[in-house]
Structure formats: structure tokens, C-alpha cells
Amino acid sequence: MRVDVEPSDSLDALRRKASMVRPSPRQVAWQRQELTAFVHFGPNTFTDLEWGTGVDDPAVFDPSALDCSQWVRTLVSAGFKSVILTAKHHDGFCLWPSRYLPHTVAASPYRGDVVAALASACREQGLGLGFYLSPADLYQEKADGGYYGNGSPVVSSEIPSLVVDESLPRFRYDVDDYNRFYLNQLYELLTQYGPIAEVWLDGANPTSTAQAYAYEAWFDLIRRLAPDATIAVGGPDVRWVGNEDGFARETEWSVVPFAGQRMVAEQTASDVAGPPLLRKADELRWYPAEVDVSIRPGWFYHAAEDSAVKSLPELLDIYRKSVGRNAVLLLNMPPDRRGLFAPPDVARLAEFGAAVREYYETDVSLPATVNVIDLREDISRGQQVESFAVDALLAGEWTQVAAGTTIGHRRLLPLDEPLPVSAVRLRILSSRAEATAALSLHYDPTI
Ligand code: FUL
């Protein structure tokens with residue numbers, strides 16, 4: 001939901017308007033999942049690259065033991081609620097046999113359909129499925145007759161261009177060749193693989209070739225075919241947190257100022273929603289942050305990084321600074337050349353899942369030794385808290401042990417040291433509207 005603001009609005013009026021902005025049901029469901037997995041897989045897995053070239057030989061894609069149910073089992077048992085697969089990365093190779101280009105799994109020795117295999121494992125094990133469909137496409141830029149940046153005219157186009165199932169809906173958009181191709185790819189992914197939870201539109205682009213994206217047409221098609229799916233990063237439902245290192249800001253608002261249909265601040269700015277930016281807005285939108293980070297240095301699997309899998313304390317620190325700072329954690333687990341998650345990643349993710357369950361999904365009851373404060377606002381009623389302090393009863397005396405700014409869906413605050421606490425209280429020091437927050441306590445021995 002969006003709220004309009006006026007140039008004459010005082011800061012108090014802006015805060016009041018910000019307090020009225022609410023998430024859509026799909027945004028609430030998305031945020032409550034807390035943990036989403038990212039899976040980068042494709043020719044890069046076999047060529048040891050992070051960014052492919054667009055002219056990679058499809059023959060390189062040859063997983064020897066692909067088993068998506070191993071991925072899903074690993075993710076579900078670690079507490080992940082959905083997974084986003086790179087159906088197409090910037091190199092343009094498709095992990096499903098798209099009818100709209102030859103550069104897909106169908107031209108590889110593998111010959112199967114990775115999206116279908118993952119969709120079926122997700123269905124069986126109750127994991128949500130999303131996909132990354134890179135807007136940048138080096139294959140379409142470099143191939144003979146490729147569409148990317150080919151300067152073709154915008155014409156009225158029926159989607160899908162190739163009708164396979166007469167019973168499915170058809171749509172019409174005014175688009176050029178590349179956008180027609182992209183809409184056809186979205187159509188395949190949104191109609192062939194069951195319900196889609198999230199569509200991830202990466203903003204990165206390895207080429208400087210000019211190609212305009214028909215975002216309004218893409219969003220319209222996604223809304224019509226998958227009304228419950230969030231459209232992330234390049235889309236209207238979820239914003240990129242602004243770094244790939246695994247942390248949200250100490251002050252992380254989900255109510256974000258927009259002017260002229262764009263965020264007032266850069267996504268990477270240290271402040272994207274504070275009072276100076278509210279003053280420049282013509283509109284306020286619910287636009288929560290997603291923290292994408294890889295369990296390894298790279299997004300794709302490289303054997304040389306087997307010894308560089310993030311440690312459990314590192315992952316728990318990322319958890320506190322993403323889920324615990326009002327964001328969703330999108331943690332990347334790249335399958336290896338067999339098409340399986342590699343042993344060090346599987347072991348680490350199992351440790352991570354067990355630690356989250358034991359330390360962060362279990363509340364300690366007082367009196368106890370604690371070292372993490374856990375606060376939650378009910379975001380279906382917006383985001384209100386601007387600053388707060390937490391006091392603990394220590395040896396009979398109320399002592400302030402933590403303080404912060406925003407809370408949002410969840411705020412996890414590690415203490416400087418474990419404290420023997422017999423009672424605890426939250427003081428909301430300022431808020432945009434009347435606010436309440438739930439408080440619980442944890443003990444994490446890795447801190
Ligand atoms: C970036 C891409 O360029 C990387 O390869 C990766 O997919 C990451 C999640 O997004 O923008």
C-alpha cells in the first residue's frame with residue numbers, strides 16, 4: 001500500500017503518514033518466512049566463472065549426479081521456507097528447455113529440466129519456489145540474430161508467442177524483440193512449474209549495450225500469472241538491501257520514500273528512509289529489504305573455495321544482522337559439478353539450522369543467563385518504533401542493557417556480555433504511532 005505526501009507536510013505529518021503504510025499480504029507472508037535460499041547453478045559451475053560470456057558451449061553443462069531433492073532436503077531441515085534458482089543468469093543459458101532459444105539444457109549432455117526437477121522436489125517437501133531470470137542476457141546480445149539491444153521496434157505482441165496450451169490465458173503488450181522474448185520466458189516459468197513464490201530481477205549487467213526493459217509489462221504479466229509472488233530487487237515488493245556482505249542497516253525501515261516513482265535514496269545509501277529523505281518524497285511505500293549473501297566467497301561453486309565456507313559464528317552474525325534487522329536473509333548455496341550441494345556446505349547449513357532452532361527459536365525463561373534480546377512488531381499493522389531501550393533486572397537493580405532505533409518484523413540485539421537476568425522490560429522511546437512490541441530472550445554461546 002502507498003500513501004501520498006505533500007511538499008507542505010511537516011515532519012510530524014510525514015511520520016504520521018509513514019505510520020499508516022501497510023504491507024500487502026504477499027509482503028507479510030514473504031517477511032515472515034525469514035529464511036530464503038538462493039541457488040546459483042549453470043555453465044559457470046563448470047567453467048569456474050562468476051560471470052559467463054554468453055558464448056559458453058552448452059556442452060559444458062553436465063552434472064554427473066544432479067539431485068534437487070538433496071538440495072531441498074538440506075534446506076528444509078535447516079529451516080528455509082523457499083528457494084530461488086538462477087533459471088537464467090547473465091550468460092543467458094536456461095536451466096529449463098525454453099522454446100524460445102536453443103541455448104538451454106536441451107542442448108547440453110544433461111538434457112533434463114532443472115527447474116522441473118526442483119519444482120517437483122519443492123512440492124514434495126513443502127518448500128516455496130522462486131526464480132532469478134537475469135534481465136541482462138549476454139547470449140541474446142552476442143548470438144547471431146540475438147535480441148538484446150538489437151534496436152527492434154516496439155510492436156503489439158501476443159504473449160505467449162508460441163501457444164502450447166489453448167486453455168491458458170494470453171496477453172498483449174507493446175514491446176520490442178528482447179522484451180517479447182523476456183515475457184515469453186516469464187510466461188513459461190510462471191505457467192509450467194506450479195506456484196511461484198518470488199521472482200528475482202537482478203539489476204547487475206556485464207554489458208554496456210543499451211536495452212530498455214519493459215518493466216511495467218513484466219510486472220503486469222507476473223501479477224496476472226502469479227498474484228502471490230513477490231517481485232524482488234528490480235521489482236515493487238522487495239528491495240535489495242544494498243550490499244552482498246550479509247547485513248541490513250541498524251536502522252532499517254520498511255516504509256520507504258519515493259519521488260517520481262523512484263526511491264529517493266540510492267539502494268546502497270547508508271540511510272534510505274530517514275526524516276531528511278521523507279521530506280523529499282511524493283509518496284511512501286512499503287518496500288522491505290532482502291539481504292543476499294553467499295555461504296562461500298562466490299555465487300557459483302568453485303572447488304577452490306571448499307575451505308572458505310563461512311563459519312557458524314559468521315552465519316549467525318549474518319542472521320542477527322539480516323533477519324534480526326528487519327530483513328529477509330537470502331542465503332546462497334551453490335551446487336557443485338555433480339549437481340549436489342557440496343559436503344562442507346551441507347554440514348555447515350545443518351549446523352546453522354540447528355543453531356537457529358536451538359538459540360533463536362527457543363526463548364529462555366527467566367531467571368537465566370542471556371545474551372540476545374529479540375523484539376518484534378506485528379508488521380501487518382505497519383512499522384512504528386523509532387527508538388527504544390531495554391532494561392534488565394540485574395542483582396535487584398533495573399539497568400539499561402540495550403538500545404536501538406527501528407524494530408520492524410524482528411530485531412535481534414546481542415549484548416556486550418552474557419548477563420544473569422531475572423526480569424526485563426522494554427521502553428519505547430519514540431514511535432510514529434502507538435506501538436507495541438513483543439520481547440523475548442535468547443542465549444547464543446557462539447557470540
Ligand atoms: C549480482 C550478479 O551479478 C551476481 O552474479 C549474482 O547473481 C548476485 C546475486 O547478483 O548482481
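A polar contact is a pair of N or O atoms within 3.5 Å. In this predicted model, a polar side-chain atom of tryptophan 51 lies 3.0 Å from an oxygen atom of the ligand.

**Ligand site**
- Histidine 40 has a polar side-chain atom 2.7 Å from a ligand oxygen, and for the side chain of tyrosine 132 the distance from an N or O atom to an oxygen of the ligand is 3.0 Å.
- The protein buries 93% of the 290 Å² that the ligand exposes when taken alone.

**Helix α2**
- Helix α2 spans residues 25-33, and its buried residues are Gln27, Val28, Trp30 and Gln31.
- These buried residues line one face of the helix, because they fall within an arc of 165 degrees when seen down the axis of α2.
- They pack against the strands β7 (198-201), β8 (230-233), β12 (283-286), β13 (289-294) and β14 (327-332).
- Just after the helix, glutamate 34 has a positive phi of about 65 degrees.

**Aspartate 137**
- Aspartate 137 sits in the loop that runs between β4 (128-133) and α6 (138-142).
- Its relative accessibility is 0%, so aspartate 137 counts as buried, the cut-off being under 20%.
- A polar atom of the aspartate 137 side chain lies 2.9 Å from the backbone nitrogen of glutamine 140.
- Beyond its neighbours within four places in sequence, aspartate 137 contacts Lys88, His90, Asp91, Gly92, Tyr148, Tyr178 and Phe181.

Terms used: Residues are numbered from 1 along each chain as its sequence is written. This is a predicted model: local features need pLDDT of at least 70, side-chain atom pairs count only at pLDDT 80 or more; totals for chains, interfaces and linings use all residues. Side-chain values use heavy atoms; hydrogens and water are left out. Buried means under 20% relative accessible area, exposed over 50%, partly exposed in between (1.4 Å probe, protein chains only). Helices (H or I, at least four residues) and strands (E, at least two) are DSSP runs, numbered from the N terminus. The arc is that of the directions from the helix axis to the C-beta atoms. Contact means heavy atoms within 4.5 Å. A polar contact is a pair of N or O atoms within 3.5 Å; within protein, one must be able to donate a hydrogen and the other to accept it, and residues adjacent in sequence count only if both atoms are side-chain atoms. Accessible areas come from the Shrake-Rupley method with a 1.4 Å probe; for residues, only the protein chains shown count as cover.
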